[in-house]
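Subject: Structure handover

Hello,

Here is the structure you asked for, with the sequence. My notes on what was found follow below it.

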Amino acid sequence: MTSDRYELLEVIGRGAGGTIHRAIDHDLKREVALKVLRRDRSTRAERVRFVAEAQVASQLEHPNIIPIHDVGRTDDGDLYFVMKRVRGNTLKDRLDRSLPELLRIIELAADGVACAHRAGVIHRDLKPSNIMVGEHDEVLVIDWGLARGGDTARDEVTEPMSLDGDVMGSLGYMAPEQALGQVREQGPQTDVHALGAILYEVLTGKPPRNARTLIELLPMLRRLPIPPAGPLGALALRCLASDPLARPSDAGEFLGLLQRSV
């Protein structure tokens with residue numbers, strides 16, 4: 001590191017472009033999570049996304065969005081940023097819990113995403129493994145490495161990688177406009193599709209579309225999966241519509257509909 005402030009301990013995860021360590025902040029005498037991106041193992045586009053992840057998350061002050069404490073560069077030129085250390089696990093690890101508990105987690109995550117949408121930011125990689133639940137039952141949306149928008153220089157700097165044809169996201173939760181690389185069509189409804197996919201998985205025990213490759217996924221996107229029962233199932237299917245305009249307009253509307261469907 002560039003100073004003796006941070007002491008890296010074991011690796012605790014890997015996110016979109018980077019390795020996450022448990023670390024000690026010696027100045028503030030606390031544990032933190034420190035994400036590092038090796039310069040010699042990353043492209044320029046990956047480094048731009050890495051910095052954008054820290055910038056976007058740091059600008060979104062909300063109880064359900066992971067706080068960013070610091071950002072910097074090591075003597076070797078590796079990028080890093082420092083986050084709150086969350087002791088807990090993810091929604092993916094809790095899918096066997098009761099439905100009321102899982103719906104509470106989705107509600108809180110959606111509230112955080114709604115804050116991002118109000119700020120003009122879309123996450124673009126929402127999935128159960130990117131929703132952390134801490135030891136005090138706090139819920140945090142993490143891994144903003146594919147986020148787009150907000151008050152950063154990212155769009156201007158990375159215009160070449162934002163052209164139609166880029167496919168970014170996670171297959172089981174990816175909206176059609178993502179799978180087709182239609183970047184200009186991606187907006188808050190893209191995240192709503194992912195929230196609907198998460199809700200579908202909570203209701204049924206499996207993602208709405210189980211594809212191992214993009215080639216497998218594309219035909220599945222032309223049809224809706226089997227609907228779960230009840231108003232929650234109807235909401236999940238509305239979010240999974242192929243036409244973004246047929247979905248709730250943003251995470252705030254999704255949250256309101258979810259609360260009225262319970």
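The largest nonpolar core in this predicted model has 57 residues. A nonpolar core here is a set of buried Ala, Val, Leu, Ile, Met, Phe, Trp, Tyr and Cys residues joined through side-chain atoms within 4.5 Å. Buried means under 20% relative accessible area, exposed over 50%, and partly exposed in between (1.4 Å probe, protein chains only). Ile106, Trp144, Leu199, Phe254 and Leu258 have the most contacts inside this core. Its main contributor is helix α2 (residues 99–118), which gives ten residues. Helices (H or I, at least four residues) and strands (E, at least two) are DSSP runs, numbered from the N terminus. Leu258 is in contact (heavy atoms within 4.5 Å) with Leu103, Ile106, Glu107, Leu199, Leu232 and Leu235, leaving aside neighbours within four places in sequence. There is also a second, separate core of seven residues, Tyr6, Ala23, Val32 and Tyr80 among them.

On numbering and thresholds: residues are numbered from 1 along each chain as its sequence is written. Because this is a predicted model, local features need pLDDT of at least 70 and side-chain atom pairs count only at pLDDT 80 or more, while totals for chains, interfaces and linings use all residues; side-chain values use heavy atoms, with hydrogens and water left out.

Next, the aromatic pairs. The structure holds two. Rings of Phe, Tyr and Trp (its six-membered ring) pair if their centres lie within 6.5 Å; planes under 30 degrees apart count as stacked, over 60 as edge-to-face and the rest as tilted. Tyr6 and Tyr80 are edge-to-face, because their ring planes are at 65°, with the centres 6.0 Å apart. Tyr6 is in strand β1 (residues 6–15) and Tyr80 in strand β5 (residues 79–84), 74 residues apart. Tyr6 is buried at 7% relative accessible area, and Tyr80 is buried at 5%. The other pair, Phe50 and Phe81, is tilted, at 4.9 Å centre to centre and 45° between the planes. Phe50 belongs to helix α1 (residues 44–59) and Phe81 to strand β5, 31 residues apart. Both are buried: Phe50 has a relative accessible area of 2% and Phe81 one of 0%.

Last, the charged pairs. The count comes to 17 salt bridges, each a side-chain nitrogen of Lys or Arg within 4 Å of a carboxyl oxygen of Asp or Glu. One of them joins Arg85 and Glu31 (3.3 Å, N to O). Arg85 is in the loop between β5 and β6 (88–90) and Glu31 in strand β3 (residues 30–37), so this pair ties together parts that are 54 residues apart in sequence. Glu31 is partly exposed at 25% relative accessibility. Another salt bridge is between Arg212 and Glu216 (3.0 Å, N to O). Arg212 is exposed at 71%, whereas Glu216 is partly exposed at 28%. Through shared partners, salt bridges join Glu10, Arg22, Glu31, Arg85 and Arg87 into one network.

Regards
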